[in-house]
Amino acid sequence: MATSTPDISIAADPVPAKQTTTKRAYPGALVVVEGIDGSGKSTQLYLLKRWLEIGGYRIHFTEWNSSPLVRSATRRGKQRRLLTPTTFSLLHAADFADRCERQIMPLLHGGYLVLADRYIYTAFARDAARGCSPHWLRNLYGFAPVPDITFYFRAPLDVAVNRIVAGRPKLKYYEAGMDLGISLDRAESFRIFQERILNNYDQMIETDHFVLMDGTVRVNKLQKLMRQIVGEKIALQQFAPKKK
Amino acid sequence: MKKTRKDAIAPIPANGRPSKKKKKNAQIESPSRFYGTPLPGVRPEELSGTLIVIEGTDGSGRSTQISLLTEWLESEGFAVQTMGLRRSYLVGEDIDALLAENAVTRMTLALMYSTDFFDQLERRILPALRSGLIVLADRYIFTLIARAAVRGIARDYLHGIYETALRPDLTFWLNVRPEVAFDREFKKSQTISYWESGRDMSLSNDLFQSFIRYQSMIKREFEYLSKRHGFLELDGEGSVSLVNRELRKRIASHLGIRGTHYQPSHALSQLWR
């Protein structure tokens with residue numbers, strides 16, 4: 001049962017799926033970071049945010065953690081281990097939809113630069129690793145706006161896993177992918193689960209135009225590169241403070 | 001491997017189900033029990049029960065019919081499991097809370113309903129069908145699709161979400177005019193609820209107008225869904241006993257039950273008119 005359906009790739013279809021939201025039908029911009037736990041993405045996005053904040057830019061930072069909306073359901077499901085790959089995925093999609101409809105979309109329409117720590121690709125990589133159909137997942141998140149830049153922070157599995165395991169006393173049940181029944185050992189299960197997620201991310205690099213970032217590069221050096229790329233790809237003056 | 005398994009299963013006597021049906025089922029057995037990719041970890045061939053769906057707008061008489069059908073089927077010796085909207089352990093109460101607040105957006109609500117649906121499907125319905133039960137569903141994916149579609153969510157998107165759902169063996173649509181549904185609903189609760197009248201859609205400030213317009217939109221979606229999914233349409237405006245007789249006739253023929261005679265017990269007699 002644990003074996004999923006790896007014959008189908010999570011990579012986007014060659015013919016792009018119908019997008020419910022037309023790309024850039026708004027004045028704002030969306031920059032997202034993706035990557036497995038311990039890849040360094042959150043640190044880098046935080047530094048990017050600080051840079052823009054200090055500069056007075058019109059930005060908003062959003063991250064993928066449970067909103068009050070689904071918190072009780074997620075807790076209930078996780079405590080009693082009731083979540084299946086499908087309900088796990090749908091619950092997170094509902095949570096994301098709430099953030100998307102009430103935060104991200106209004107901000108993009110209002111001309112903000114939105115920075116997102118994890119985005120739909122997290123769901124694609126993680127839920128496909130749980131056995132959800134990639135095709136089904138792509139459809140499920142069809143309402144999400146396409147990011148202007150998707151930074152993919154990639155660190156070797158061992159480096160990333162060690163960063164997490166070292167800093168955390170106990171891995172949680174779903175976090176470690178224990179529901180997949182891969183291994184009874186949490187650390188081992190976590191490692192295999194992360195490896196599957198990493199492989200799924202790799203499959204999306206080209207189809208989803210990820211900007212690949214080497215997570216082993218020194219923090220400040222990597223940040224310099226990140227700022228440079230943002231400056232090249234996004235018309236930042238649009239978000240700059242207005243001179244009176 | 002699948003083949004040998006199927007062959008091996010055929011001679012084993014059915015668990016509480018008429019042997020006739022088992023044979024018929026073995027012949028028509030195909031992956032088409034799901035609309036698209038089956039749910040992860042589900043083998044369609046092990047689902048020996050029967051899924052019967054009753055659809056229809058508010059006030060179409062679904063719940064009444066389901067109570068009566070449950071009694072009839074049990075008297076015929078069939079074990080029955082029921083399902084309905086917002087009844088999942090996982091998120092049923094959360095949806096109630098969201099609806100009470102009126103602050104939820106359409107996509108979030110649609111996805112919460114789909115979570116509720118799949119939680120019931122995976123934790124209650126599939127196990128029941130594996131054990132050969134008759135599942136009576138008080139609404140199914142069609143209501144969820146219709147409600148979201150009238151709020152502007154693409155039909156293809158919605159069908160995509162529910163493509164991993166189980167295809168019912170029978171889907172009945174109790175069709176009533178919105179005006180009749182209004183009378184029935186009003187009589188029942190002396191008012192018309194916010195969501196039943198689609199007030200989130202700002203159709204009209206007048207509750208009656210809002211209800212009629214909203215239910216008419218839902219009805220049009222059902223007409224489309226009926227064609228696409230082959231509903232068995234019944235006139236829901238007929239008397240309870242008349243509609244019930246029609247339902248029993250169809251179900252009996254599907255399950256191989258000979259007689260369709262049924263008289264509700266004293267407990268349910270107040271439903272019979």
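Chain A holds an open sheet of 5 strands in the order β2-β3-β1-β4-β5, with parallel pairing, where two strands pair if DSSP finds at least two bridges between them, and where strands (E, at least two residues) and helices (H or I, at least four residues) are DSSP runs numbered from the N terminus. This is a predicted model, in which local features need pLDDT of at least 70 and side-chain atom pairs count only at pLDDT 80 or more, while totals for chains, interfaces and linings use all residues. Residues are numbered from 1 along each chain as its sequence is written, and chains are lettered from A and ligands numbered from 1 in the order in which they are written.

**The sheet of chain A**

- The edge strands are β2 (59-63) and β5 (210-214) of chain A, each of which pairs on one side only.
- Strands β1 (29-34) and β3 (113-117) of chain A pair in the parallel sense over 5 bridges, and A:Val33 has A:Asp117 of β3(A) as its bridge partner.

**Helices α3 and α10 of chain B**

- Helix α3 (62-75) of chain B packs against helix α10 (240-255) of chain B at an angle of about 50°, with their axes 10 Å apart; axes are lines fitted to C-alpha atoms, for helices over the stretch in contact, and angles run from 0 to 180 degrees between N-to-C directions.

**Where the chains meet**

- In chain B, 24 residues are in contact with 28 residues of chain A.
- α5(B) gives the most to the side of chain B that touches chain A, with 9 residues.

Note on methods: Two residues are in contact if their C-beta atoms, placed from the backbone, lie within 7 Å.
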